[in-house]
Amino acid sequence: MEEFFQQLTNGLAVGGIYALIALGYTMVYGVLKLINFAHGDLFTYGAYLGLTLLTSLALTDRLGFAAGVLVLALMVMGLVAVLGALLERAAYRPLRQSPRLSAVVSALGASIFLQNTLMLIYGARFQVYPDNILPAATLNIFGLYLPLMRVLIVLASVLMMVALYLFIQKTKIGTAIRAAAIDQDAARLMGIDVNRVIMLVFLVGPALGGIAGLMVGLYYGQINFTMGWVYGMKAFTAAILGGIGNIPGAMVGGLLLGVIEALGAAYISLAWKDAIAFCVLILILIVRPTGLLGERVADKV
Amino acid sequence: MKQKLWVLAAALGLGIAAAAGAADTVKIGLMAPMTGSWASEGQGMKKIVELLAEQQNAKGGVLGKQIEVVTEDDGGDPRTASLAAQRLTTKGVAAVVGTYGSSVTEASQAIYDEAGIPQIANGSTAIRLTEKGLKHFFRTAPRDDEQGRMAAQTIDKLGFKKVAILHDSTSYAKGLADEANALMKKKGRDIVFFDALTPGERDYTTILTKLKGANPDVVLFTGYFPEAGLLLRQKKDMNWKVPFIGGDATNNADLVKIAGKEAADGYYFLSPPQPQDLDTADAKNFLADYQKKHNELPPSIWAVLAGDGFRAIVAGIAGAKSADGGQISGYLHKDLKNFSGLSGPISFDAKGDREGEVYRVYKVDGDGKFVLQKL
Amino acid sequence: MKPRPEVLGAGAFVALMAVAPLFLNAYQVDVLNSIGLYALLGLSLNLILGEAGLFNMGHAAFYAMGAYTAAILNTRYQIPILWTLPLSGAVAGAFALAVARPVVHLRGDYLLIVTIGVGEIVRIALVNDVFGITGGANGIFGIGRPRVFGYVIRRPEQFFYLIWGFVALSIFLFLRLKKSRFGRALNYLREDEVAAEGSGIDTAYYKLAAFGLGAAWAGMAGTLFAAKMTIISPESFSFWESVVLFMIVILGGAGSIAGVLLAAFLVVGLPEVFREFAGARMLVFGLVMMVMMIFRPQGLLPARGRRFPWVASAGALKQ
């Protein structure tokens, strides 16, 4: 039983990261009906930018751990957000009136481009965050091993998700985003600047992806230029699992996918872990064709 | 728009048609993963082979001609590798060095063999590569069965009883895991765990939790260094003290960087000797030159083995007094004995395998240094 | 009636391809072979994604089914590799029908992730040596060379005629199919599923048929791949392969046979051309994909509004 709970917490820690990245997919999809395949690479940029800023500015030395990491996180979020907005401008805006799949191919091209840019700048070798930045404390609760950082990661993810949810639900700008997601033309007629909404979505989504990249870098230490592909795929799966376009769905989907993977690996088979996760996904979609929290809408033609 | 398409089509045609002009050089091919997941290995291979060529040329090249290294990217994937091989065969190379990864090498073997071009693979340890009776295939890398034997023997000598084996489902790691598993079972070792992780991920605590549940005396991990580094790091975070033994794919300077010195302390791995553990003047001088030029050590022993492949080819061309593939292969099979390689003496047997005991046992010390063990 | 320009263009293309091996070296011919295989796979995916509009990003699974069926039959039962073509197609098609049956009604992007999932499940099954017949990560090696009328096919230029002959046959059949009742039903389905259903088209039947047929064709392409490589392993059927095929169809122009051909040339050929850029070749490739999509959002040679839209010069009519 102890092992079960241990695996459960393992799954939640992984799932928290998936959920943060999934939010970027789902927000963009909600407004543009576009699967932004380059989102995973923005996550990687978060990890690399974090490393560069951390080592070149020595933030944690100057400001102490908590303040240093906070400043670092804000800088990474800002930079990746700008990158996301640039990506939208260059690769997606020209295709907004085009068939949806054309934008998907443009996104795939952007993904290849971004990934290989990183390889050329930083080289192909693994990059490693400096050791001993993080407090290495491990909590031991009823025999469960919980490194402090894992707890912090899950808490930070949940905190950001809740903040995003409140932003979307309670603020005026959030309402505009929701309106544009439901019907762009109608939103435009109501005086909403849809272009600005889209720009905003491409700022917030990548910012969350970037911070997820920074967290992975800080906690796991090792980063490389292809890591966004694996995380991106998982996060996209999570977004679909929860019902793409739905923000609480991305959170639930992410955490659930992490848990399914952990328990599948623990009790069925390690080697078949990803296959098990996809089987569960397919079964869920057969029962609920639009994901767990997705709305059942007729296909807009 | 039509014009643009024609321009594209013309560019494509030109690119394909760009043929290699013959010159007064001896061309030696290098097939390496310059892009894709193993790009770091490929780039190390290229740096080493090009530096060696530069040095050889300064000494007058071979057969009185300068050596030209022709590098082709195999992308670390079999289909791209077969194209890279076809391309090298049309470029008039005398012989080819490479590549990293058994299945990638395998996709190119038949092409070189049919073209009569000797190939010396550097990071391809799968047993069957040399069991096909190919006349022109050699490797400076050892074979998986030798490493499996060494792994079983080492675990025996260190006195561990309950063994957990973890691989990563790649051709190489699975083969090594199977080999070691069979040998240890025969000797009556208790194999308490045998499964695979998914490479390329970041979080392996699920696997470690499961491993810990099996309560082994030692864990044999046969996969690659990025995962090994993460496993060690996360194992330390768990306060789990079990020793780990790894295969030669974990012999990479980045292992300690990824794991952190503290977590890597006490990690054993099997590997062909590290260049710095060789006392030949050749190896020492070369490494000093390499460090001077690139300001770092080679990423791994596999890149160094590519260098050995290159040196063996140069020796083969000089020895056979010809750049003809058949003659080079003949020389390498019969006449190249105890050639002084960077990684130790090199001789090839009839199959093209490297002769002699190659594996050593290393242990990582508290400073993150790889220390040769005497067992 | 004067011959239409697209017919002339097609004729010129066929003539050029027929003599191409005489002027090219082994590497160049082999690049064309690779292009031919991808063209074949692209054409098969075009039926599903282009004609019927079903988002399939797991096409490598069906390709793998065919390749493995052929390899297993050949290495275990010594059945000549080309004889396995129909069976490889049938196995891949049947597999596609079985997996598509419960999910084919899913909305676009949900179907996309399910097909990605199917592709990954198949790959993981192959890696884990499912039923002990796939050889795990090693794959299957020692696949026999194909024979045609007693001639062993071994060299790149011999494979060239085998592969491109099959491409030509496929184009012929797919063109017929496109103009048939079946093809028109698929297009109707793609353009407006609700209206198609309303006009009495059995949408589920046509979707499944497109899936089965496209997968069967991919399976046969798999057989040719196995015959050419003589060794197959799971990494040849990764998610990335499905992505490449997806790009070929959309870049060419969904539903356009000429477009798929051109896109196969570009997507497979450009990374080869860009070998000059060494480490930056994939970067340039990614950039080119983006730029091409932005300048030709409907695809390079869109299908709509042309009766024989399968030649590069077809655009001349409108310009």
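Predicted model: local features only at pLDDT ≥ 70, side-chain atom pairs only at ≥ 80, totals over all residues.
Good morning. Of the 319 residues of chain C, 59% count as buried.

Chain C is built from 12 helices and 4 strands. Its radius of gyration is 19 Å, close to the 20 Å that the globule rule gives for 319 residues, so chain C is as compact as a globular protein of that length. Along the principal axes, the C-alpha atoms of chain C occupy a box of roughly 55 × 50 × 45 Å. As for the contacts in chain C between residues at least 6 apart in sequence, 78% of them join residues at least 24 apart.

Within α7 of chain C, residues 181-191, the buried positions are A185(C), L186(C) and L189(C). Why can these residues be said to line one face of the helix? Viewed down the axis of α7(C), the buried residues fall within an arc of 100°, so they share one face. Their packing partners are α2 (26-51), α8 (193-198) and α9 (203-229), which also belong to chain C.

Let me now move to chain A. Its secondary structure likewise amounts to 12 helices and 4 strands. A compact globule of 301 residues would have a radius of gyration near 19 Å, and the value for chain A, 19 Å, agrees with this. The C-alpha atoms of chain A fill a box of roughly 55 × 45 × 40 Å along the principal axes. Of its 301 residues, 58% count as buried. Among contacts in chain A between residues at least 6 apart in sequence, 76% link residues at least 24 apart.

How do chains A and C meet? The contact involves 37 residues from chain A and 36 residues from chain C. On the side of chain A, helices α5 (100-122), α10 (227-242) and α12 (273-287) each supply at least two residues. Which of the elements gives the most to this side? It is α5(A), with 13 residues. By class, the side of chain A that touches chain C comprises 27 nonpolar, 8 polar and 2 charged residues.

A residue of chain C leads us across this contact. M247(C) sits in helix α10 of chain C, residues 239-252. Is M247(C) buried or exposed? It has 23 C-beta neighbours inside 10 Å and therefore counts as buried. Leaving out residues up to four places away in sequence, M247(C) touches V105(A) and L108(A) in chain A, together with V267(C) and M289(C) in chain C. L251(C) is also in contact with V105(A), and its other contacts beyond four places in sequence include A263(C), L266(C) and V267(C).

These residues belong to a wider assembly. The largest nonpolar core has 344 residues, and those with the most contacts inside it are M247(C), I248(C), L251(C) and A264(C). This core draws at least three residues from each of domain 1 and domain 2 of chain B. M247(C) and A264(C) lie 17 residues apart in sequence, with 9.1 Å between their C-alpha atoms.

That brings me, finally, to chain B. Its domain assignment gives domain 1 (23-142 + 280-346) and domain 2 (145-271). The centres of these two domains, taken over C-alpha atoms, are separated by 30 Å. Between them, 10 residues of domain 1 are in contact with 10 residues of domain 2. The domain 1 side of this contact consists of 6 nonpolar and 4 polar residues, with no charged ones.

Thank you for your attention.

Key. Residues numbered from 1 in each chain as written. Chains lettered and ligands numbered in written order. Contact = placed C-beta atoms within 7 Å. Nonpolar A, V, L, I, M, F, W, Y, C, P; charged D, E, K, R; others polar. Domains from an automatic or database assignment. Buried ≥ 20, exposed ≤ 12 C-beta atoms within 10 Å, placed from the backbone. Core = buried A, V, L, I, M, F, W, Y, C linked by C-beta atoms within 7 Å. Rg over C-alpha atoms; globule rule 2.2 N^0.38 Å. Arc of directions from axis to C-beta.
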